[in-house]
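Q: Can you walk me through this structure? I'd like to start with how its pieces pack.

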Amino acid sequence: MTGQAPRKKAPPRGLLLTLARDVRGNTLAMMAMFLIPLTGLVGSAVDMSRLYVVKTRLQQACDAGALAGRKGMTDSNNTTLDADAVAQAQAFFANNFKKDTASPATAGYLGTTKVGFTPSKTADNQVEAKATATVPMTVSKILGTSSVTLNVTCEARYDVADTDVMFVLDTTGSMACLASQTSGCSPTVKTYTRPDGTTGYYAQEVSGSKLSGVRTAVLNFYDTVAASADPSTHIRYGFVTYTSTVNAGFAVAAVSPTDPTVNISGFPLYLVNNWSYDTRRWNGDMYQANATASSATNVKAADCFVTTWRVPATGYTTNAQATQYTRTYSTANGGTCTLTTQPLKPRWIYDYSKLDVGNFVMGQTVPDPTKFTGATSRWQGCLEERTTTPGVTSFDQDNLPGDLDPDLIPNSDPATKWRPMWPDVVYYRGTASQLDSASNSNINNNWSGTGSNSANPYGDSASTTTLGTWTALTMYGNIASGYVSCGKPVQRLDTLTRSQVSNYVNASDFVPQGGTYHDTGMIWGTRMISPNGIFADDTSTWPGRNPPNRYIVFMTDGDMSPNDDLYGMYGIESYRKQVAAGNSANLTTYTNYHNQRFLAECTAAKARNIKVFVIGFGQTLTPQLTACASEGQAYYASDNKSLDAAFQTIAKQVAMLRVSK
């Protein structure tokens, strides 16, 4: 039978050949061979992370030390950093690069060694520093790296971005007193010569007055900011001094285009060329006193001309005097010629009358139309507000009335324009008690003097009593009591030198006088620093730079204290009703209306990214003052020293300390 042949047996394998062909367990062997390089790589990643953490903390500590050193640095001409600044820098560095308590006593943060920090002064009076630390390696030692030395540098500086600062300063009569004199200070009112040669009035300051503290604080503010600026920084300053009005007229005229409808070359469009005032108009003659007569007898009719004449023929002498002469003839006593002499005074109509103010606004000296004394007037620059919306205590920031809108550009409508204050031609139409009587016909209606005999007819009183009967606002008593005032002209934003700032706050017309109206100051301060509106060019962005930071520093020493008998930015309020509507307003109501206008303008400023600082100087911070300020920026100063400290605190916020490298 056939079948398969039997297999042959395989020859036996050798031990080495068997092992060579057996792959079981190879992975373990390979892992054993790669374990050392893998351990090095993982260790390097761990050590690199550690290096990153240490370097970050070292940089932070360096920055903190440099900042502390710059803040504590004493300005000097020395090229080396003063010892106090070095100590401050070292302390802040050490506090931010603390030793690891789990490490040996000699080790630093995360076991670092050879930690060093060296602050120094730069050529431009800033602080730079170098910090170093050696970081010991752990697993990386396997690869031969035992430690790595880290080095960082840093620089800190006081520096400011382009900045605009508008000082809004209360210069009312109480600023002549000490901060400690909350009552009992009655400064003497004196005259001075204004820069234009006219006569002004001021409350005489006591030694160490609040206003003297303002002068010092403003200059120290300037120095602090200037010391922090680098050569490329642009800093502009402006000033608004306020009482019941603001002297901004010539600043408005300077930025105004020419009004082509007014027949005066260069007349500013933003100001009216005629305006109505509570004034008086001449309306013929009235008798001053009883007539006197002298007679001659035995006179022929032909020698006694029956006639009446006056001297001066028209008008009055410079003493507002005139005389009427009358000759009459009778046949008695053989013919009698009688000469009657009758002293005359002008007969005035007191009302709200329109006057031409074109030449007055142009700064010319003009005749006073309300007097026969040869008196002249020259505008000082204080303004009456453009048309208001009276009786309002809640304002829509998206639809502010024209007088509160800091960006409204005047146009041909007189309601949008400002009007010159003219106190020389403004007259009260009654006594103080009559002014307080809202129904008094002498106030609310036209009134004219009678033709009866009077030794002192209405309107020509020589009395200096405040609110004297039918007196002009320029009577000394009205001025002395602050019923009319006109302070120093505003300073538009400009890159002022220290000398220019000093000249402004030390000028002869930087003086205390008048009453406290916070709304007038804030309205004009906001107008003058707003990035829009008529002064937009003053606060425009410098070419190639970011928009400037904008600040208002508002300082006052008193509560809002309007008076409806005062002539200020809103005329005589008891007549004009520009703020409180109707005849029922009292001083409490007036105060509320003015406070709401003040707060509306503070809000308008902050809405335009203007930071508002408020300082109550010897004056408790009222809810209105606190609300006006940007968050956390309301300060109280009890005396001149603390006023300076408040200004310094604000200046250091303006000149922000920062890390530059």
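This is a predicted model: local features need pLDDT of at least 70, side-chain atom pairs count only at pLDDT 80 or more; totals for chains, interfaces and linings use all residues.

Q: At what angle does H13 run to E22?
A: H13 runs at about 140° to E22.

Q: What sheet do those strands sit in, and in which order?
A: E19 and E22 belong to an open sheet of 6 strands. The order is E18-E7-E4-E19-E22-E23, and the pairing is mixed.

Q: Which strands are at the edges?
A: E18 (491-494) and E23. Each pairs on one side only.

Q: How do E22 and E23 run, parallel or antiparallel?
A: They run parallel, joined by 4 bridges. Ile615 has Tyr635 in E23 as its bridge partner.

Q: New topic. Which residues touch the most others in the largest nonpolar core?
A: Val252, Tyr277, Trp524, Ile552 and Phe554, out of 71 residues in that core. The largest share, 7 residues, comes from helix H13 (residues 587-607).

Q: What does Ile552 touch, leaving aside its neighbours within four places in sequence?
A: Its contacts include Met166, Val168, Met522, Ile529, Ala605 and Phe613.

Q: And what about helix H15: which residues are buried there?
A: Leu643, Ala646, Phe647, Gln648, Ile650, Ala651 and Val654 are buried.

Q: What covers them?
A: The cover includes strands E4 (163-170), E19 (549-556), E22 (610-617) and E23 (634-637), plus helix H4 (210-228).

Q: How far does H15 reach?
A: H15 has 15 residues, 640-654, and reaches 21 Å from its first C-alpha to its last. That is close to the 21 Å expected at 1.5 Å a residue.

Conventions. Residues are numbered from 1 along each chain as its sequence is written. Side-chain values use heavy atoms; hydrogens and water are left out. Helices (H or I, at least four residues) and strands (E, at least two) are DSSP runs, numbered from the N terminus. The expected span of a helix is 1.5 Å times one less than its number of residues. Buried means under 20% relative accessible area, exposed over 50%, partly exposed in between (1.4 Å probe, protein chains only). Contact means heavy atoms within 4.5 Å. A nonpolar core is a set of buried Ala, Val, Leu, Ile, Met, Phe, Trp, Tyr and Cys residues joined through side-chain atoms within 4.5 Å. Two strands pair if DSSP finds at least two bridges between them. Axes are lines fitted to C-alpha atoms, for helices over the stretch in contact, and angles run from 0 to 180 degrees between N-to-C directions.
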